[in-house]
Amino acid sequence: TGARSIAIVLAAPLLGLIFALPARRLARRFSLPRFTRADVAACALVLVAVPVIVGRPFAHVGVDLPEGRAYRAYFTADFVWGVAVVAELAKGDLPPQNPYHLNDPLRYYWLMHLLPGVEHRAFSGSPTADQLLLVNAFWSALVFSAFLYFFVRHFVTAPWAAALGCVFVLFCSSFEGLERIWWHWSQNQPILPNLRMMNIDSVTGYIARYSGMKVDGLHRLLLYQPQHQTAYLLGISAVLLVHQARDISRTGLY
């Protein structure tokens, strides 16, 4: 709608809650796990993994030099692009304009940056767009990790087993990284220096013998891809509904 008022954005969750409350009546159609007090501590363990993963990378995004603010090359595609989109959304134009092409609407998805864009306009640049993006990425990663635990608990009876499984997946989700570690080791090449200079998520694309699609690991998902987190949430939720429904022939599932 082009709304850029902080009050409207803050009221949006309340409006969403009004439409979400009737969904409680659907609970009896599904076989849901029973959550206990033990789940609180187990889920907290999963949440603690988030700052451990994103803390150091977020602390080193951008460095102020005498010549200006500098970013590593890898951040250009994701983070610096996000800063430009936040600045455009703060203007309130609908549709937003492409910051990289004159007189052209923004054709890439931008909804995940609407909140920091509104915040950037409301706070007049303090905190900066960089800081707003990092804070929003952090709480978005927390939400995703909590959902991951909620999802796994549908299939795992013990809360701590579910939590340990989630933590393992968050830390060790990159098969590309494991393959590169093995390759450098087998070639008697230094492992860590080579990995530090490599875009792990693109290994399946730029190595000829794979010729596959580039697949983001959960690390990049937590760091720079809130829109992919939302896609995971919606897609997995749909699968979960079909899996847990007592009567999958009901039209309401589809």
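A crossing is right-handed if the near helix is turned clockwise from the far one by less than a right angle, and left-handed if anticlockwise. The exercises below use a predicted model.

**Exercise 1. Describe how helix H2 packs on helix H5, and state which residues make the contact.**

Step 1. Two packed helices are described by the angle between their axes and the distance between the axes. For H2 (residues 37-59) and H5, the axes come within 9 Å. They cross at roughly 145°.

Step 2. Assign the hand. The crossing of H2 and H5 is right-handed.

Step 3. List the partners. H2 contributes Asp-39, Ala-42, Cys-43, Val-46, Leu-47, Val-50, Pro-51, Val-54 and Phe-58. H5 contributes Leu-134, Ala-137, Phe-138, Ala-141, Leu-142, Ser-145, Ala-146 and Tyr-149.

Step 4. Sort them by class. The contact of H2 with H5 holds 15 nonpolar residues, one polar and one charged.

**Exercise 2. Find the angle between H5 and H6, then classify the packing and its contact.**

Step 1. H5 spans residues 129-152 and H6 spans residues 159-171. They pack at an angle of about 130°, with axes 9 Å apart.

Step 2. Angles over 145 degrees count as roughly antiparallel, and 65 to 115 as roughly perpendicular. H5 is therefore oblique to H6.

Step 3. H5 passes H6 in a right-handed crossing.

Step 4. On the H5 side, the contact uses Ser-145, Leu-148, Tyr-149 and Val-152. On the H6 side, Pro-159, Ala-162, Ala-163, Cys-166 and Leu-170 meet them. By class, the contact of H5 with H6 has eight nonpolar residues, one polar and no charged.

**Exercise 3. Decide whether H5 and H11 are roughly parallel or oblique, and name the hand of their crossing.**

Step 1. H11 covers residues 226-244. The axes of H5 and H11 come within 10 Å and cross at roughly 20°.

Step 2. The cut-off for roughly parallel is an angle under 35 degrees. H5 and H11 are therefore roughly parallel to each other.

Step 3. The crossing of H5 past H11 is left-handed.

Step 4. From H5 come Ser-140, Ala-141, Phe-144, Phe-147, Phe-150 and Phe-151. From H11 come Pro-226, Gln-229, Tyr-232, Leu-233, Ile-236, Ser-237 and Leu-240. The contact of H5 with H11 divides into ten nonpolar, three polar and no charged residues.

**Exercise 4. Locate the bend in H1 and compare the helix's reach with the expected span.**

Step 1. H1 runs over residues 6-20, which is 15 residues.

Step 2. From first C-alpha to last, H1 reaches 22 Å. That is close to the 21 Å expected at 1.5 Å a residue.

Step 3. H1 bends by about 30° at Ala-12. Pro-13 follows within four residues.

**Exercise 5. Examine the loop between H3 and H4 at Pro-95, Asn-103 and Met-112.**

Step 1. Pro-95 lies in this loop. The peptide bond from Leu-94 to Pro-95 is cis, with omega near 0°.

Step 2. Asn-103 belongs to the loop too. Its phi is positive, about 55°, although Asn-103 is not a glycine.

Step 3. Met-112 is in the loop between H3 (76-89) and H4 (114-122). Its C-alpha is separated by 9.6 Å from that of Gly-82, 30 residues apart along the chain.

Step 4. Leave aside neighbours within four places in sequence. Met-112 is then in contact with Trp-81, Pro-226 and Gln-227.

Notes: Residues are numbered from 1 along each chain as its sequence is written. This is a predicted model: local features need pLDDT of at least 70, side-chain atom pairs count only at pLDDT 80 or more; totals for chains, interfaces and linings use all residues. Side-chain values use heavy atoms; hydrogens and water are left out. Helices (H or I, at least four residues) and strands (E, at least two) are DSSP runs, numbered from the N terminus. The expected span of a helix is 1.5 Å times one less than its number of residues. The bend at a residue is the angle between axes fitted to the seven residues ending there and the seven starting there. Axes are lines fitted to C-alpha atoms, for helices over the stretch in contact, and angles run from 0 to 180 degrees between N-to-C directions. Contact means heavy atoms within 4.5 Å. Ala, Val, Leu, Ile, Met, Phe, Trp, Tyr, Cys and Pro count as nonpolar, Asp, Glu, Lys and Arg as charged, and the others, Gly among them, as polar.
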